[in-house]
Structure formats: C-alpha cells, structure tokens
Protein chains: 2
Amino acid sequence: MIRKEYLMTPGPTPIPHQVSLVQAEPIIHHRTPAYTELFVRMVEGLKKVLFTGNDVLTFAASGTGAMEGAVSNCFSPGDRVLVAAGGKFGQRFAEIAKVYSLEVESYEYPWDEAADPAIIARLLEEKPDIKGVFVTHSETSTGVVNDIRAIGKVVKDTPAILVVDSISGAGALELRTDAWNIDVLVTGSQKALMTPPGLAAAAVSPKAWEMVEKAESPAYYFCFLKTRKKYDSDNPESPYTPAVSLVKAMSTATDLLLEEGMEAAWERHRILAMCTRAAVEAMGLELFPKTLDRAYAVTAVKAPEGIGGGDIVKHMNRVHGVIIAGGQDRLKGRIFRIGHVGYYNFFDMVLALSALEMTLSELGFPLELGAGIAAAERVYLEMTSSSG
Amino acid sequence: MIRKEYLMTPGPTPIPHQVSLVQAEPIIHHRTPAYTELFVRMVEGLKKVLFTGNDVLTFAASGTGAMEGAVSNCFSPGDRVLVAAGGKFGQRFAEIAKVYSLEVESYEYPWDEAADPAIIARLLEEKPDIKGVFVTHSETSTGVVNDIRAIGKVVKDTPAILVVDSISGAGALELRTDAWNIDVLVTGSQKALMTPPGLAAAAVSPKAWEMVEKAESPAYYFCFLKTRKKYDSDNPESPYTPAVSLVKAMSTATDLLLEEGMEAAWERHRILAMCTRAAVEAMGLELFPKTLDRAYAVTAVKAPEGIGGGDIVKHMNRVHGVIIAGGQDRLKGRIFRIGHVGYYNFFDMVLALSALEMTLSELGFPLELGAGIAAAERVYLEMTSSSG
C-alpha cells in the first residue's frame with residue numbers, strides 16, 4: 001500500500017481545506033483596511049466561540065505563550081496563587097508561576113481524576129490571600145476534563161481570579177467563559193479551532209483587568225494592556241507584526257465553527273468520544289481516566305499488559321500511517337491517546353479504530369477484528385438517531 | 001482597471017509561490033521524524049544564512065518576541081545595559097530593557113544617521129559595568145543601517161555582550177554573525193527570509209550563554225536554555241507546539257535563499273536600493289537618511305513640501321494598488337518608505353516607482369513622468385553589466 005497519513009493526535013490536528021488554502025494566499029500588510037477587517041472578524045468570532053463579551057487578545061505564539069501572559073500580566077512577585085494540577089499541562093502553570101516568583105500553593109490531584117471543586121473552595125478559605133486559581137479545562141496529557149462551571153462558582157466570590165487553560169477544550173467542549181466566571185481563558189489555534197499552530201488567545205474579564213493594572217511582573221510581547229489598546233484603537237491591530245497567514249486561517253476556521261454552531265460542535269465531540277470509548281472497551285482495553293464526565297477531547301487508553309503504549313503508537317504510525325500520541329511524563333509507555341478534538345467526524349474515528357484493531361492484533365493482543373468498529377457504529381447510530 | 005495589489009512595504013513582504021504553497025500542505029505532527037527533518041533543515045539553513053556556528057533558537061512569535069528573549073534570558077534586574085537607538089526599533093530594545101528593570105544607558109543618535117562606534121566605545125569605557133550593548137542592524141523605521149562590524153570590534157573585548165536586532169537586515173544585508181562578534185542576533189521570518197510573519201530566531205554565542213546561565217529575569221516561553229536543550233536532544237524539537245506550517249515555509253525559503261547564495265542576495269538588495277535611490281532623486285525627491293552606506297533594505301524618502309507622506313502612501317494604495325509604508329512616530333507624515341527587502345527583483349521596483357511617479361503627478365508635484373524609471377534602468381544596467 002502507499003503511505004497515506006492520518007493525523008489523529010490531540011494537536012496539532014488536521015484542518016479543513018478552506019483553512020489550509022487561505023494560508024497560501026498572497027501576504028497582506030497588517031496596517032491596511034483589508035487586514036483590519038479580517039482581524040476584527042477573527043477576534044469577534046472568537047468571542048462567540050468562547051461565549052464571552054470580555055476582551056479577547058491574540059498573540060502570534062503557541063498556547064503556552066498566552067499561559068505565560070496570564071501569569072506575567074495579572075500577578076506580581078510574591079503573590080500567592082493556587083495551581084490545580086493533574087497532568088503535564090496543569091504542572092506547566094505551576095512552572096510558569098514559579099519562574100515569575102509567585103508563591104505557589106499546589107493542589108495536585110490524581111492524573112486519572114478531575115479536580116475537586118470542594119477542595120479548591122477549602123484551600124481558598126484557608127488562605128484568603130490567594131490571588132489567582134489556575135486550572136486546566138481539558139488536560140490533554142490524560143484526557144480528563146475539569147468541571148470549570150463548578151470551580152467558577154467557588155472562585156467567583158473570592159478576591160481571586162480564575163485562570164483556565166482551555167487549549168484543547170475551547171471549541172470541542174462546553175465552555176461558557178462569562179457564565180462560568182472565567183477571568184482569564186487561554187486557548188490555542190491548533191486543536192478544536194481547526195487552525196495550524198502559532199496563534200494563541202486570552203479572554204480577560206473586568207476582574208482580571210483590575211489585577212492587570214496593578215501587576216508588576218515584566219511583560220512585553222504578551223503585554224495585555226498594550227494588546228487591548230491596539231485592538232481598541234480606530235484601526236484595530238496588534239502591537240507587533242501579526243502572523244497574517246495564520247490570522248487568515250483562524251478567521252476562516254472560526255467562521256466554519258460558528259456555521260456549525262458551538263452546541264453542535266460540542267455534541268459532535270461528545271459523540272466521537274463515546275464511540276471511541278465503546279470501541280476500545282469492545283477491543284478489551286481499559287480507559288485511563290476514572291473521571292469520564294466531559295472527557296470528550298482526547299481518549300486516553302491504558303496500554304494492555306505486556307505491550308508498551310509507545311509500541312502501539314509507533315506501529316500504527318509506521319505500518320498504517322495513523323498518527324496517535326503516547327503518554328507523557330509519568331504516563332510514558334503506560335497509555336496511548338487518540339485525539340478527536342478538531343476537524344473530525346465519525347469516519348475519521350473508524351479509520352483510527354480499524355488501525356488500532358489491526359495493530360493490537362499484529363502486536364499479539366488477542367481480540368476479535370471488527371468488534372471495536374461494530375461497537376462504535378452501534379453507539380453512533382444510537383446517539384445520532386436520538387438527536388435527529 | 002481591476003484592483004491588483006503589490007506589497008512593497010518593509011515587512012511583511014511577498015513570498016515565493018513555493019513558500020506559499022507548502023503552508024497549505026496537511027498539518028504534520030511535531031513529534032515525528034518528518035517534522036524533525038524539516039525543523040533541523042530550517043535551523044541548519046538559518047545558521048548558514050546568518051553566518052554562524054552558534055546555536056540558533058527559533059520561536060513561534062514575531063521578531064519582537066526574540067528581542068524580549070534576548071533581554072529576559074541574558075540579564076538580571078539592575079544590570080546596566082547600553083541601548084543605541086536611532087529609530088522606533090532601537091527604542092523598542094530600551095522599552096523592553098526597562099520592563100525587565102535593567103539600568104538603561106541610552107545612546108540616542110539622530111534618526112537620519114548611523115550610530116557612531118566611537119561613542120559606543122567611549123560609553124563602554126566610562127561605565128565598565130555595562131553588561132550588554134543593544135544595537136539595531138537595519139532600522140526599519142528610518143532606512144538607516146548600522147556598521148555592526150565596527151561596533152562588534154568595540155564590544156568584543158569588553159565584558160559586555162552585543163545584542164543585534166537584524167529583523168530587517170538578515171538575508172538582505174551583509175551580516176556575519178560570528179566574524180562580527182555578535183553575541184545575540186535576533187531576526188524574524190517576514191522580511192528577507194521570505195516567509196510569512198510568525199517565526200523568530202535568535203543566534204546565541206558562547207559568551208552570551210555564560211550570561212544566560214547566570215541571568216535571573218523570568219523567561220518561560222522564550223527560555224533560551226529550554227529551547228537549546230530540546231534542540232540538542234536525540235529528536236530535535238521545540239519545547240512547545242511549533243508553528244508547523246510556518247516552519248515548512250521557512251524551511252523552503254531558506255533553501256531558496258541558500259540556492260541564490262547569501263552574497264548574491266546581499267548584492268541584489270544593494271542593486272535594488274541603488275536603483276530606487278537614483279529614481280526618487282531623479283523625480284526631484286530627497287532621501288531621508290544622511291548615512292546611506294549599507295542602507296539597502298528600505299528606502300526612506302522625504303515627503304516633498306506641501307504633500308504629506310501619508311497622502312502619498314494612501315493614494316498609491318487606493319488608486320494604484322501599490323502598498324508602501326509611511327513614517328512612524330516622529331517621522332509620521334514626514335517620510336514614506338519603499339521596501340525592497342525580501343523576494344524582489346528589479347521589475348518589482350519598476351512598478352513601485354511607476355506608481356510613485358504617477359501618484360506624485362496626481363498630487364500636484366511637478367515631475368517628468370518616466371524620469372525616475374529611466375534613472376533606475378541606467379543604474380541597473382551599469383551595476384549588472386559590471387558584475388556580469
């Protein structure tokens with residue numbers, strides 16, 4: 001067979017052809033009405049995607065850049081913050097906070113579970129000088145998704161702001177930035193937003209802006225105030241040369257997402273996740289997360305006894321051209337992850353699951369070929385007939 | 001006439017079709033051998049473009065991000081640095097240094113002249129605790145280009161490191177990072193590197209690395225140490241999701257530039273600048289810079305008596321579809337700038353100059369149509385016949 005590749009990782013993800021192609025259009029200058037129109041369309045589109053009326057700031061950077069921006073713009077050295085971490089990306093917030101000399105209270109919860117809002121409430125009560133709570137919405141490294149709505153309720157009446165990394169959540173999972181009281185919502189272009197990597201965004205609430213105005217950590221490239229000022233000017237633009245080809249791409253992608261409708265996109269991801277889960281369980285495998293509620297962006301699966309997670313990933317890539325992800329950090333070798341966040345429909349899952357069935361069989365794991373696909377099809381028919 | 005646009009600003013600049021098209025290719029994952037090969041090819045290509053054996057670090061960001069990285073990675077609060085500024089981008093280094101609480105010695109030279117290496121030498125002698133000298137190679141806001149070779153000679157035997165912003169210089173103007181003793185060379189993708197905006201690079205010398213290891217300013221997304229560590233690993237990659245479509249583009253663009261040859265590319269830019277200068281002078285206009293040596297990236301021209309620089313820019317865009325740039329900050333309205341940094345050849349200048357002749361005529365400035373073009377053609381024939 002010829003090699004034909006299928007990207008099924010939880011980011012970067014495949015993008016619609018309409019989004020690919022606009023990148024190849026001639027470069028336009030960023031201080032022209034044509035660019036301004038494009039840029040404003042993207043930012044206003046993002047506000048709808050994120051269900052927010054707050055300012056949405058965008059940066060030419062990976063999502064991590066906006067995570068750093070949330071830390072450096074809102075806090076000063078010595079400020080106490082609470083970081084809830086149950087995976088590699090939760091830990092990243094703690095790392096950044098330490099780099100900026102914040103006083104980090106760590107709430108480390110098990111990697112296969114969600115954070116407990118009650119514990120966050122207790123920690124906030126115990127240390128009322130906590131100025132910020134950092135939580136990961138969708139923890140890409142484990143597949144677990146936190147209950148941000150519940151955490152938002154806990155944080156909103158405290159002096160602390162709620163900072164949420166929804167890099168692999170936004171667009172895929174229910175997310176209501178304003179209604180859920182999220183003060184700084186950070187996301188990136190390369191997952192459910194169906195755009196190549198290289199753009200990051202932060203939605204900043206009035207409560208967060210109050211802190212930004214007082215914060216004393218250094219911030220230049222990711223400076224929120226300067227970015228807002230440029231957007232609020234007569235000719236909205238960025239303080240520095242924007243990634244115009246990516247802005248074109250994201251502008252097209254947000255149009256597509258809004259055309260589908262956010263609730264429909266969230267439901268699509270839920271269906272794909274439920275089909276994938278049913279399939280891997282029918283193959284005799286076990287899901288990694290204990291908390292499966294809301295875990296619809298990436299399906300993390302335990303590697304079966306005697307087979308390394310990395311071997312499954314490598315075999316699927318080398319033999320079948322299907323690219324999935326392995327485990328990171330302490331989960332290396334122990335799990336593998338199938339992404340369904342972004343521009344996917346059911347048949348993308350079918351091909352990935354078919355490659356997985358054959359891979360497991362080739363690696364000596366006993367299973368009935370087709371059993372996973374059958375389970376996925378059953379769930380799909382059930383879920384879509386009831387909703388249609 | 002139909003509207004057909006011609007981008008003649010000093011960044012972003014038009015890019016070759018080969019570079020445009022690779023961006024539209026399917027997204028690949030950044031932790032795969034295919035990506036590693038592409039990434040290594042880009043970084044090793046950049047080393048050749050920059051004439052350096054030093055580590056070249058790349059970031060998904062505008063050039064300003066790497067400028068900030070140079071400040072935050074090499075210095076600690078309170079460190080004394082000398083910033084030579086003769087335009088908007090020189091001032092940017094001073095702004096960033098102040099954000100990081102460095103003690104800034106300002107050497108402000110006239111905006112139409114180059115920095116004087118002898119003054120930098122004197123300032124370094126007077127304040128031997130200066131730890132860094134920041135200079136702009138090609139000051140995009142004025143068209144003036146500094147003599148980095150001479151400044152490098154002055155700095156190299158002091159404890160200070162030399163940090164150079166060559167965002168609009170690298171690839172267009174003679175630049176020998178190692179031979180000229182540049183310790184941190186910063187550049188961006190969107191000018192002579194013929195790539196869309198969104199990638200930045202920094203070449204870091206051993207002398208600079210010694211400072212990086214001791215520096216105490218916060219740096220996370222632009223952390224040099226972490227970026228080097230990931231590049232030096234068995235599977236070279238970036239610490240955070242890279243802008244894969246832009247990496248593809250820049251990898252293709254550096255191939256094209258190296259195929260042309262760096263000396264040939266520098267000579268091309270010199271020829272285009274000399275033709276442009278001859279043309280605008282033949283039109284009866286005056287060049288803005290007094291220091292014209294090495295000023296081959298952008299031609300800054302004084303707006304004639306009674307006509308605003310911005311009016312020329314707007315008219316050329318609206319009526320002729322030719323996009324040039326106006327003056328920034330204190331030069332607003334006083335100058336206009338024609339870019340020839342990047343993927344340009346002689347005939348691109350012909351069209352820009354033709355649009356300029358007609359624009360001036362339409363705005364009531366007396367000139368002989370065709371005179372500028374004739375002058376450009378004469379210079380072009382002379383310069384290319386003597387070199388052929």
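This is a predicted model: local features need pLDDT of at least 70, side-chain atom pairs count only at pLDDT 80 or more; totals for chains, interfaces and linings use all residues.

Me: How do you know that the copies meet through the same surface?
Reply: Compare the two lists of interface residues. Of those in chain A, 98% are also interface residues in chain B, so the surface is the same.

Me: What makes the relation between the two copies a two-fold rotation axis?
Reply: A rotation of 180 degrees superposes chain A on chain B, with 0.0 Å of shift along the axis and an RMSD of 0.0 Å. The copies are therefore related as by a two-fold rotation axis.

Me: Which residue of chain A comes closest to that rotation axis?
Reply: Ala61(A) does, with its C-alpha at 2.4 Å.

Me: Why is Val244(A) called buried?
Reply: The cut-off is 20 or more other C-beta atoms within 10 Å. Val244(A) has 25 such neighbours, so it counts as buried. This residue is found in helix α9 of chain A.

Me: What is Val244(A) in contact with, leaving aside neighbours within four places in sequence?
Reply: In chain A, its contacts are Ile27(A), Ile28(A), His30(A) and Tyr35(A). In chain B, they are Pro12(B), Pro196(B) and Pro197(B). As for Phe39(A), it is 205 residues away from Val244(A) in sequence, yet 8.8 Å away in space, C-alpha to C-alpha.

Me: How do you know that the span of α4(A) is close to the expected one?
Reply: The helix has 12 residues, and 1.5 Å a residue gives an expected 16 Å. From first C-alpha to last, α4(A) reaches 16 Å. Just after the helix, Ser101(A) takes a positive phi of about 60 degrees.

Me: Which residues of α4(A) are buried, and what do they pack against?
Reply: The buried residues are Phe89(A), Gly90(A), Arg92(A), Phe93(A), Ala94(A), Ile96(A) and Ala97(A). They pack against α3, β3 (80-85), β4 (103-108), β5 (130-136) and β6 (161-165) of chain A.

Me: Why is strand β9 of chain A called largely enclosed?
Reply: Four of its five residues, 298-302, are buried, so the rest of the structure largely encloses the strand.

Me: What makes β9(A) and β12 (335-339) of chain A a pair?
Reply: At least two bridges are needed. These strands have five, in the antiparallel sense. In one of them, Lys302(A) has Ile335(A) as its bridge partner.

Notes: Residues are numbered from 1 along each chain as its sequence is written. Chains are lettered from A and ligands numbered from 1 in the order in which they are written. A residue is buried if 20 or more other C-beta atoms lie within 10 Å of its own, exposed if 12 or fewer, and partly exposed in between; C-beta atoms are placed from the backbone. Helices (H or I, at least four residues) and strands (E, at least two) are DSSP runs, numbered from the N terminus. The expected span of a helix is 1.5 Å times one less than its number of residues. Two residues are in contact if their C-beta atoms, placed from the backbone, lie within 7 Å. Copies are superposed by least squares on the C-alpha atoms of residues with pLDDT of at least 70 in both.
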